[in-house]
Amino acid sequence: MAMLFTVEFLPLAIERIDEDDCSEYAVRVAVRGSLDLEDAAEAGLLLRTLAAGGAHRVILSLEQLGYIDSTGIGAIIRAKKDLSARGGDLVLLNVPPNIKDIFELVNLKGFVRSFYDDDEALRHLAASLPGVGPKPDRP
């Protein structure tokens, strides 16, 4: 099955958006199909290209992912390391149960955060923006 990507840019801070600075956006990449030997290189190329272009906060939505193998897991790990080295982050969104089981077997969840809510993922990524942090708890 061929892989299909959908890419969206989501603002991280409503009060101060510079439309020319993609570091103030998260990029949601929705993956549909399989992330395996045949398609992992293409996924890695897309993620590296986004990072090189300044998109350092990525939400990888896996809701429509049907299958992943070790090359797909490797592509996710490489993208996470590359983004972290650039001061960014990669998080997973809506991981299907069969894929989640595989990630638990290889202990990926200890390396890449996973969310099941868009807003939670965006808040996590926004907290790493300079001058923006998690809102303090009120007493």
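Is Lys 100 buried, exposed or partly exposed? Here are some notes on that and on the salt bridges of this predicted model.

1. To take the opening point: Lys 100 counts as partly exposed, because its relative accessibility is 37% and that class covers what lies between 20% and 50%. Its salt-bridge partner is Glu 104, with 4.0 Å from N to O. Glu 104 comes out as partly exposed too, at 38% relative accessibility.

2. Where do Glu 104 and Lys 100 sit along helix H3? They are 4 residues apart in this helix, which runs over residues 97-105, so about one helical turn separates them.

3. Now have a look at Lys 80 and Asp 89. These two form a salt bridge whose closest N and O atoms are 2.4 Å apart. Are the two residues buried or exposed? Both Lys 80 and Asp 89 are buried.

4. Arg 86 pairs with Asp 82 in another salt bridge, and here the closest N and O atoms lie 3.2 Å apart. Arg 86 counts as partly exposed because its relative accessibility is 38%. Asp 82 is also classed as partly exposed, at 24%, with the cut-off for buried being under 20%.

5. How many salt bridges does the count come to? The total is 5.

Conventions: Residues numbered from 1 in each chain as written. Predicted model: local features only at pLDDT ≥ 70, side-chain atom pairs only at ≥ 80, totals over all residues. Heavy atoms only, no water. Salt bridge = Lys/Arg side-chain N within 4 Å of Asp/Glu carboxyl O. Buried < 20%, exposed > 50% of the residue type's maximum accessible area, 1.4 Å probe, protein only. Helix = DSSP H or I, 4+ residues; strand = E, 2+ residues; numbered from the N terminus.
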